[in-house]
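Hi,

Here is the model I promised to pass on. Have a look at it first, and then read my notes below.

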Protein chains: 2
Amino acid sequence: MPTINPDRLLRDLRELATFGAYKTGVHRPSLSAEDVAARHWFAERLSEAGLDARIDGIGNVIGYSRAQGPKMLIGSHIESQNYAGWLDGPLGIVYGLETARAFREDPAAAGLGVDVAAWFDEEGHFGSFLGSRSFVGLLSEEDIDRARNRYDNTPLREALERAGFAGRPRETVRPERYCGYFEAHIEQGDTLDSTGLKIGVVTAIVAIWQYRIIVEGEQNHAGTTSMARRRDAGLALVRLLSAIDRRFPELAGPRSVWTTGRITLDPGAPSIIPGRAEALFQFRDADTAVLERLHAELFRLVEEANTTGRCTLSVEVMSQSIPALMDEAFQQAIEAAAARHCPGRAMRMPSGAGHDAQYLARRMPAAMLFVPSIGGISHHWTENTSDEDIVLGCQVFCDAVAHALRARPPA
Amino acid sequence: MPTINPDRLLRDLRELATFGAYKTGVHRPSLSAEDVAARHWFAERLSEAGLDARIDGIGNVIGYSRAQGPKMLIGSHIESQNYAGWLDGPLGIVYGLETARAFREDPAAAGLGVDVAAWFDEEGHFGSFLGSRSFVGLLSEEDIDRARNRYDNTPLREALERAGFAGRPRETVRPERYCGYFEAHIEQGDTLDSTGLKIGVVTAIVAIWQYRIIVEGEQNHAGTTSMARRRDAGLALVRLLSAIDRRFPELAGPRSVWTTGRITLDPGAPSIIPGRAEALFQFRDADTAVLERLHAELFRLVEEANTTGRCTLSVEVMSQSIPALMDEAFQQAIEAAAARHCPGRAMRMPSGAGHDAQYLARRMPAAMLFVPSIGGISHHWTENTSDEDIVLGCQVFCDAVAHALRARPPA
């Protein structure tokens with residue numbers, strides 16, 4: 001069995017965290033100077049591990065194995081959310097790097113290979129999942145032309161040019177090369193941490209259905225317009241969100257989540273009745289039947305509000321992704337590996353967050369492994385996982401990849 | 001009886017509306033070039049009407065009567081809300097101007113005088129009611145030092161300097177000079193328009209009690225944080241506003257109004273559970289007992305939310321004005337004048353909006369007269385009143401001022 005080197009693993013993770021260090025986390029937005037430097041650093045580590053490493057035209061860092069036998073693709077991302085944690089992304093790519101090294105050092109693994117990728121911009125500074133989408137053929141040149149940094153509006157083309165990546169070819173998947181795809185990640189929730197478990201075996205990456213709710217009322221003076229005469233768009237929105245709050249628990253699955261992330265009242269002044277209101281609303285579930293039930297209820301509640309209220313509500317569907325099911329045999333491989341290293345400490349769970357694996361899963365069998373997040377904290381610089389859990393997770397991951405590679409021929 | 005000149009009245013209103021004309025309304029923010037020009041134009045009209053006119057150190061335009069007998073102060077404002085109506089403010093000052101001219105032309109009114117004022121910044125571009133507060137002694141030099149334009153942050157001192165008003169003395173009230181204060185205004189609601197009435201006799205200017213509601217929750221990932229574990233500040237706010245929506249109608253008076261003008265969720269991203277939420281909330285009534293009842297209920301609902309929910313809610317009192325009661329004898333004078341010119345077409349009503357009269361009422365008996373707003377539209381460029389109603393309102397106003405002046409000696 002390939003055996004990982006805990007010190008080397010932790011040293012690399014800590015060194016990577018120096019690129020854009022911020023408090024105990026990192027601030028390393030896609031194609032910032034720190035991010036570009038981190039990509040070069042990671043490509044060098046892949047080369048040192050014996051892989052044929054390159055950075056492609058969209059900023060993906062990929063190391064190709066020179067092994068002759070069946071290969072597994074392992075990936076995650078290297079950039080961070082703004083002022084966020086040190087492990088969200090880096091954990092997965094350094095697990096890939098360490099797995100490659102462990103394979104190389106294990107004579108019993110001769111012939112088995114892993115390719116390791118750090119996908120570009122999973123965190124969405126310029127778009128969404130740009131690197132993994134590019135790799136699986138779901139990102140056009142026009143998509144890249146249009147993409148701009150959501151914070152400072154820099155065109156992606158310009159940022160790629162400045163980074164030195166413009167004009168390079170974009171790597172694309174050769175599915176026949178792989179048995180499948182593995183990705184490790186911190187859980188970002190507290191299920192493992194609060195139950196003392198160590199390994200999450202991801203069953204599916206949930207779908208996210210996103211909506212813009214728009215209410216049209218009548219802007220008017222907050223002092224001179226009687227309550228009876230008002231068409232208060234803000235109040236109509238509050239009533240709808242309150243109805244959702246009452247109804248959704250009756251229709252949701254056990255792991256459904258729904259969130260109103262933004263509310264805007266227009267014009268937003270203390271003494272003016274809002275003439276227009278908007279909300280960004282989303283729900284997530286791994287089960288399409290549940291998603292469809294919640295979708296129907298949202299539209300029913302909006303219709304009810306239009307019938308009974310004095311404002312006009314409408315709903316715009318912004319996106320409806322599809323749940324990405326993880327490969328059953330791979331899940332069993334992770335469970336078997338966990339049983340060898342930490343018996344009774346693994347559980348199956350869906351991923352409530354999106355990951356590059358959801359795009360790779362469209363082209364090959366895919367799997368994800370979670371390690372505990374202390375306190376469930378995510379997208380914040382205090383995000384963390386104990387060294388012990390990081391090391392254990394990597395050994396389980398490496399072991400599972402080895403078994404999965406041996407069990408299945410390339411597609 | 002002093003008789004107004006309808007053509008002259010309408011001509012002046014139309015000419016004033018050319019300063020900052022916008023569609024059928026005006027855009028004339030306080031101390032904009034158009035506003036400054038309009039103040040000079042108005043001062044000239046006051047001089048032509050035989051008044052001793054000046055623009056003071058805060059931008060108030062005041063014309064003092066040279067009459068020897070009892071005098072009435074008449075005022076309103078000249079600047080507009082952004083891209084708003086042509087009558088909100090101008091109607092009242094041009095009524096004052098026309099009343100002064102009608103008095104001068106009526107031998108029977110010899111010895112009776114009116115002073116006419118266009119108070120600075122009633123619309124609150126730099127503060128709130130700065131001109132009338134200055135006149136009654138409720139605005140300090142430090143208040144002026146601190147005041148800045150709420151849209152572009154220009155210091156008021158700098159804007160006054162640029163307008164040429166800096167360094168001039170500020171006019172202050174000599175209460176012994178006046179019998180009282182009269183102000184005319186468009187209704188800004190649809191009570192008169194929808195019932196076919198022509199004159200609103202204002203009983204009181206309602207008090208406005210304003211609050212900032214703050215909710216502290218826990219910012220977290222909208223995909224990985226279970227519903228049970230969330231502390232969603234936005235949802236807690238929606239639940240509170242929904243409880244207010246259910247409870248306030250049971251406690252409110254017949255003319256109470258309450259409004260949530262702004263809601264902010266922080267950070268306001270589609271996939272992040274809001275960690276903090278804020279709302280600007282206000283209610284208005286002319287009855288202090290009602291105001292206190294609503295205030296107590298707001299705090300009770302917040303306490304209930306803190307007991308039953310998982311977020312921490314607090315309420316900051318931003319302002320609590322006092323209702324300004326209008327003088328009973330003046331109300332009767334307006335009713336009597338209306339009975340002469342449009343019998344059966346006047347009604348008593350409170351003002352839901354704030355007006356300069358609420359500050360003048362602190363130093364002398366005060367009255368307000370409303371004319372109909374077509375469709376109740378206010379603070380919008382489509383705001384309007386028919387020429388016929390404008391003319392009728394002015395004659396009733398002028399007549400009421402004359403009778404009130406004769407009936408009462410100066411304070």
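Which elements do the buried residues of α2(B) pack against? Bear in mind that this is a predicted model. The partners, within chain B, are α1 (6-16), β3 (52-55), β4 (61-64), α3 (90-105), β6 (113-119) and α6 (156-163). On the helix itself, the buried set consists of D35(B), V36(B), A38(B), R39(B), F42(B), R45(B) and L46(B). Helix α2 of chain B covers residues 33-48, 16 residues in total, and spans 23 Å between its first and last C-alpha, close to the expected 22 Å. Just past the end of α2(B), G50(B) has a positive phi of about 90°.

Now for the core. The largest nonpolar one has 269 residues, and those touching the most other members are L237(A), I334(A), V401(A), L237(B), I334(B), L369(B) and V401(B). Take I334(B): beyond its neighbours within four places in sequence, its contacts are I199(B), V201(B), A367(B), L369(B), V396(B) and A400(B).

On to how the chains meet. Chain A puts 44 residues into the contact and chain B 46. On chain A's side, the elements giving two or more residues are β10 (220-221), α8 (233-251), β11 (257-266), β12 (272-273) and β13 (276-285). That side splits into 16 nonpolar, 21 polar and seven charged residues.

As for symmetry, chain A superposes on chain B by a rotation of 180° with 0.1 Å of shift along the axis, at an RMSD of 0.2 Å. The copies are therefore related as by a two-fold rotation axis. They also meet through the same surface, because 100% of chain A's interface residues are interface residues in chain B too.

Cheers

Key
Residues numbered from 1 in each chain as written. Chains lettered and ligands numbered in written order. Predicted model: local features only at pLDDT ≥ 70, side-chain atom pairs only at ≥ 80, totals over all residues. Helix = DSSP H or I, 4+ residues; strand = E, 2+ residues; numbered from the N terminus. Expected span 1.5 Å × (residues − 1). Buried ≥ 20, exposed ≤ 12 C-beta atoms within 10 Å, placed from the backbone. Contact = placed C-beta atoms within 7 Å. Core = buried A, V, L, I, M, F, W, Y, C linked by C-beta atoms within 7 Å. Nonpolar A, V, L, I, M, F, W, Y, C, P; charged D, E, K, R; others polar. Least-squares fit on C-alpha atoms with pLDDT ≥ 70 in both.
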